[in-house]
Amino acid sequence: MSGLVAAAWAMMPGSASAFTAYVSNEKGNTVSVIDLDKLEVTATVEVGERPRGITMSKDGKHVYICTSDADHIEVLDTETLKVLHTLPSGPDPELFVLSPDGKTLFVANEDNNMVTVLDVEAGDVAGEIAVGTEPEGMAVSPDGKWMVNTSETTSMAHFIDTATLEVKDNVLVDTRPRFAAFTPDGSKVWVSSEVGGTVAVIDSATRKILKKIEFAVQGVRKETLQPVGISLTPDAKTAFIALGPANRIAVVDMESYEVKDYLLVGQRVWQLALTPDGKTLLSANGESNDVSVIDVASLKVLKSIPVGELPWGIAIK
């Protein structure tokens, strides 16, 4: 990036000042560390086999990483960039979600059709919840009372009471649900169905589907429009949906459910992450081995940052 471009980026209202992104590279067994002021990779950290799900601790001191083929979760120190220790997870952890108080990780174990409940402080498994076949998507409500898991083969969103660890409701969605996200007020859950090609918006209270959002891009085959990652802005106005091999991110109005735009990014866009201020969106583009940086206000792709091999997930400090 030239000095003039860097200066312009730093002055933009959407700049991601003082933020750091951590990108799990599924095939390379590494995590790329990106300085979001400089918009460049500043470090590459070796981790366990097949890192996928990745999330930040509430205090920003640790990054939790699902190392799927190593069958555990690794805890990375954000200051030293050293793996401090591992946590038990159950077999083949793919995605997880951290409770609002930062004390519990709910982990989807793809191989044994279970959600593992992990006490982060004690480092112990507090429980296991039987769910549908091939669990993946994980979301927890803002008040911490409800957790949603999606099962790929069963094509369901399971609503789980976090106090009793019991599945209370199952909502049938379209084929191969991959991701779930609660709205900021917890009133709705958005669930992406990769093969079905839709995103279902579910009422959290009634467990009824309010809307199924479909996608269409001129010149792009419908079967390549495969929704995966979802990121909702903190003001509950805009949803960003990663569309996999279509190499696009759909921009959706959260009130009207209308698709407003499609942003062209790298190849096989997978997971997304917003900076905490909601001003900058990052996408992990698996087949082009890069991360796209998008200004939310202007909906402009600002830069593509090369990372490791097969980037999968993103966590931001």
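In the largest nonpolar core, which has 35 residues, Trp190, Phe215 and Ile241 touch the most other members; such a core is a set of buried Ala, Val, Leu, Ile, Met, Phe, Trp, Tyr and Cys residues joined through side-chain atoms within 4.5 Å, where buried means under 20% relative accessible area, exposed over 50% and partly exposed in between (1.4 Å probe, protein chains only). A second, separate core holds 15 residues, among them Ala21, Leu36, Leu282 and Val293.

This is a predicted model, in which local features need pLDDT of at least 70 and side-chain atom pairs count only at pLDDT 80 or more, while totals for chains, interfaces and linings use all residues. Residues are numbered from 1 along each chain as its sequence is written, and side-chain values use heavy atoms, with hydrogens and water left out. The average pLDDT (the predictor's confidence in each residue, from 0 to 100) is 94 for the chain, and 95% of the residues score at least 70. Over residues 1–16, however, pLDDT stays under 50. Where pLDDT is low, the predicted coordinates should not be read in detail.

Because its relative accessibility is 45%, Asn170 counts as partly exposed. Not counting residues up to four places away in sequence, Asn170 touches Met156, Ala157 and His158, contact meaning heavy atoms within 4.5 Å.

As for the largest pocket, its lining takes its largest share, five residues, from β28.

How values were computed. Helix = DSSP H or I, 4+ residues; strand = E, 2+ residues; numbered from the N terminus.
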